[in-house]
Amino acid sequence: MDGYAGKIVYADLSAGTVTIKPLPPILKQEYIGGRGFGIRLLTDMVDPAVDPLSEKNIIVYAAGPLTGTGIPLGSRYEISTISPLTGAVTSSNSGGVFGWKMKKAGFDAVVVTGRSEKPVYLLLDNGKADLRDAAHLWGKTTGQTTDAIAEELNDKSVRVSCIGPSGEKCVLFACVINEKTRAAGRGGVGAVMGYKNFKAIAARGDQPILAADETAFNIAKERVRKKIQDNGISQALHNYGTAVLVNIINENYVLPTRNFQTGHFPNADNVSGETMAKTILKKPKGCYSCIVQCGRVCEFDGESGEGPEYEPDWGFGPDCGIDDLKAVARANNLCNEYSLDAISTPATIACLMEMAEKGYVNHPIRFGDAKGMLKLVEQIAKREGIGDELAEGSFRFATKYGHPEFSMSTKKQELPAYDPRGIQGYGLATATSVRGGDHVYGYMISPEILGAPEKLDPYVTKGKPQWVKTFQDLTAAIDASGMCLFTSFALDAQDYADLLTATTGMKIDTAGLLKTGERIWNLQKLFNIKRGFSRKDDTLPLRLLNEPLREGAPAGQVWRRDEMLDEYYSLRGWDKEGTPTPEKRKELDIAFD
């Protein structure tokens, strides 16, 4: 065995048929798995000119070779499609247990094409697959859907990845939820499923997942286990979850507050990971084979759920001017139930709050209004009232009212919880991200704020293009492997290469690992160019380029695009417009042009 299940399911919703095919060896050799499989399959099968919400778009679920092997934090899977929010090719990553179960069912990937006339779901069952009626599931929340499928199959071990009502209603930033609380969160992957009348995938099975070299695998596995256990960031994540970042980012005066008007929230500690641990946290929780357990199982006022993680904690908290932790947690729970992206949802609400306060939109919502914020989450999910307009995302909403400058987004996708004016490399990473406003496609917060693997000055631009390229390429390879990105706090490229070599039997060194990541990145870039993206899109909102931060150490800073973009393009082997050159495509064996 080699870490792969060895099969791909092709579900044609228009025809109502399911076909199972062998996994092509070239796919493993050049793209490893996960995000790599998804991007390659999508770019092979889809015309770049198609509408994201059409039957010609496809959805690809894909795990990596390290998913489900028992390697610490080896639990991830990716969903790839053309994003209805951004128009770019996107992949969205999730953890939990589903990725492992998909491989135990006997499959590395699922390719969903066409559109069903009625709601359906796909059952992956120990080497077999079939489409089933989902009319009785339509309208149900993700929790209700998960429970209903488990009851229907009389199997509590089955794992379900599904959409809720917001996906069914094609909210442009609807996500996909597995195990009720784990999200493939960004880019509107849930809206594509909803358009296709595709409610869920359920997976069960007991197929073996074995390494090619068990001895080398166990040696590498124990080495990385110890490195992760000994890592200080991993320990902080266990104790306080990802929301441990709230106070850290706030103390650096780069916590976006009230729609990025400032970088500091005086009451940030009220919604911090530390306060969560003291008040509403019941216990930590991890994904399959996780030894960090950054997940938060929280209970309050008779309500329970998992989270909030840092991004929704910031989004429903400081970005909306709210310091009520229970309201933030309740909003996060609603996002999980309805299948809403818990970054784009609060960021779009924050956009409305600022526009309403300044008189550009006639609405009573104001910063700090927790009750009004919760009502808007419901309205967005159901496309009711102003929620129908907000469901199109902050860029389309703000543009409709004549002021696109209030949308804190890149390529129409809302920015996450860090102010690029005080973190220059991170600003470059998110501006050039091939899936729009982003942090996990190249987590420059690690060196610029957290000091891992070394501490960089966040205010300088010199040297940052090289760091950004390396982080973007490495992250693409990690996403392809099936490992959690948080392992990168403790591990280096050699660790991933050793794990992949022992598991797959392919000889993968650090240079080959990074080249695979670079290949994935360039293929996404080329597809986006075919969809009309260009240099002008590799930027950030005007506020971040023109309005300096006013408080703390980064006071006076703006994001300095012109000091970095040309060098970044050059390092990538792209021309002045950001297009990969023929030489670069040849070097990476990319036939797409």
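This is a predicted model: local features need pLDDT of at least 70, side-chain atom pairs count only at pLDDT 80 or more; totals for chains, interfaces and linings use all residues.
Student: How many salt bridges does the structure hold?

Tutor: It holds 44. One of them joins lysine 180 to aspartate 147, at 2.8 Å from N to O.

Student: Where do lysine 180 and aspartate 147 lie?

Tutor: Lysine 180 is in the loop between strands E10 and E11, and aspartate 147 is in helix H4, so the bridge ties together parts 33 residues apart in sequence. Lysine 180 is partly exposed, at 30% relative accessibility. Aspartate 147 is partly exposed too, at 41%.

Student: Is arginine 182 buried or exposed?

Tutor: Buried, because its relative accessible area is 12% and the cut-off is under 20%. Its side chain meets that of glutamate 309 in a salt bridge of 3.2 Å, N to O. The two are 127 residues apart: arginine 182 sits in strand E11, glutamate 309 in the loop between strand E15 and helix H11. Glutamate 309 is partly exposed, at 31%.

Student: Which residue forms a salt bridge with aspartate 495?

Tutor: Arginine 223, with the closest N and O atoms 3.0 Å apart. Aspartate 495 belongs to helix H20 and arginine 223 to helix H7, so this pair ties together parts 272 residues apart in sequence. Aspartate 495 is buried, at 2% relative accessibility. Arginine 223 is partly exposed, at 32%.

Student: Which residues are linked in a network of salt bridges?

Tutor: Lys469, Asp473, Glu518, Arg572, Lys584 and Glu587 form such a network.

Key. Residues are numbered from 1 along each chain as its sequence is written. Side-chain values use heavy atoms; hydrogens and water are left out. A salt bridge is a side-chain nitrogen of Lys or Arg within 4 Å of a carboxyl oxygen of Asp or Glu. Helices (H or I, at least four residues) and strands (E, at least two) are DSSP runs, numbered from the N terminus. Buried means under 20% relative accessible area, exposed over 50%, partly exposed in between (1.4 Å probe, protein chains only).
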